[in-house]
Amino acid sequence: MSRTEIQSLYEEITQSVGKLNELLADAEPEEVKNHVFETENGTVTLKDLFGNKDKLFVIHNMGEGCRYCTVWADGLNGFIGHLEDAMGVVLVSGDDPETQRKFANSRGWRFKLASHRNSDYMAEHNVSAEYDNCPGASMYERKDAKIFKKNNCVFGPGDIYCSLWHVLALAGLNESNWTPQFRYWSPPERLSDGGKNVVD
């Protein structure tokens, strides 16, 4: 493919994303129930997670065992302040609250966290019919005492919600030839402290 063809495709993608954004803005909200979640500080409801905002972005994370979910959360964490200026934001998974907090701290995540492990939330709001606990996100709106789901999306390599994949694509890399890791540190051949008790 020539550079002219690449530039033309970039323009086409930009136009398509613009059209998608128009459709997302016009999507008809669907009323949902006020689900209950577990947190470090006890139980909370979906309505509680809005805080003082009328919109709520719920990140569906598969938990500490998923490297791919971790990549998406790492990226979203980078602009959490901007997101929280516009809406409530919470990361949910099936991990227990203690496990969630320990893993979030290890990544430097600043999300509010909630566990759906004993809830029917994921059964009713999973973003894919193919999997029981699919990574993605849902956007909710609060109107008076009611909660509505506005939109949802699936997270996966190459999607528009994780810029990392598009940067990798510039180098000709994708999920077939690169896999994310939890850590990228590897010890040098010789450690000046003797190298005892190194945890890889």
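The residues of the lining of the largest pocket divide into 16 nonpolar, six polar and three charged; here Ala, Val, Leu, Ile, Met, Phe, Trp, Tyr, Cys and Pro count as nonpolar, Asp, Glu, Lys and Arg as charged, and the others, Gly among them, as polar. The structure is a predicted model, in which local features need pLDDT of at least 70 and side-chain atom pairs count only at pLDDT 80 or more, while totals for chains, interfaces and linings use all residues. Residues are numbered from 1 along each chain as its sequence is written, and side-chain values use heavy atoms, with hydrogens and water left out.

This largest pocket has a volume of about 570 Å³. Of its 25 lining residues, L24, F57, M139, C153 and Y161 are the closest to its centre. At least two lining residues come from each of α1 (3–26), β4 (55–60), α2, β7 (136–143), β8 (146–154) and α6 (163–170). On a 1 Å grid over the protein atoms alone, a pocket is an open set of points with protein on both sides within 12 Å along at least five of seven lines, whereas a cavity is a set where a 1.4 Å probe fits but cannot get out; lining residues have an atom within 4 Å of a point.

The count comes to one cavity of 30 Å³ or more. The largest cavity has a volume of about 60 Å³, and its lining has five nonpolar, four polar and two charged residues. Among the lining residues are N61, E64, F103 and W109. Both β5 (88–93) and α4 (97–107) supply at least two of the lining residues, and α4 gives the largest share, three residues.

Helix α4 is worth a look from both sides. P97, Q100, F103 and A104 of α4 are buried (under 20% relative accessible area, with exposed over 50% and partly exposed in between, for a 1.4 Å probe and protein chains only). Seen down the axis of α4, these buried residues fall within an arc of 135°, so they line one face of the helix. On the other side, E98, K102, N105 and S106 are exposed. The cover over the buried residues of α4 includes β2 (36–39), α2 (67–77), β5 and β6 (112–115).

Finally, the cysteines. Zero disulfides (pairs of cysteine sulfur atoms within 2.5 Å) are found in the whole structure. For C69, which is buried with a relative accessible area of 5%, the closest cysteine sulfur is that of C66, at 3.4 Å, too far for a bond. C153 is also buried, at 14%, and its sulfur lies 9.4 Å from the closest cysteine sulfur, in C134, again too far for a bond.

Definitions and conventions. Grid points are joined across faces, edges and corners, and a volume is the space filled by probe spheres set on the points. Helices (H or I, at least four residues) and strands (E, at least two) are DSSP runs, numbered from the N terminus. The arc is that of the directions from the helix axis to the C-beta atoms. Contact means heavy atoms within 4.5 Å.
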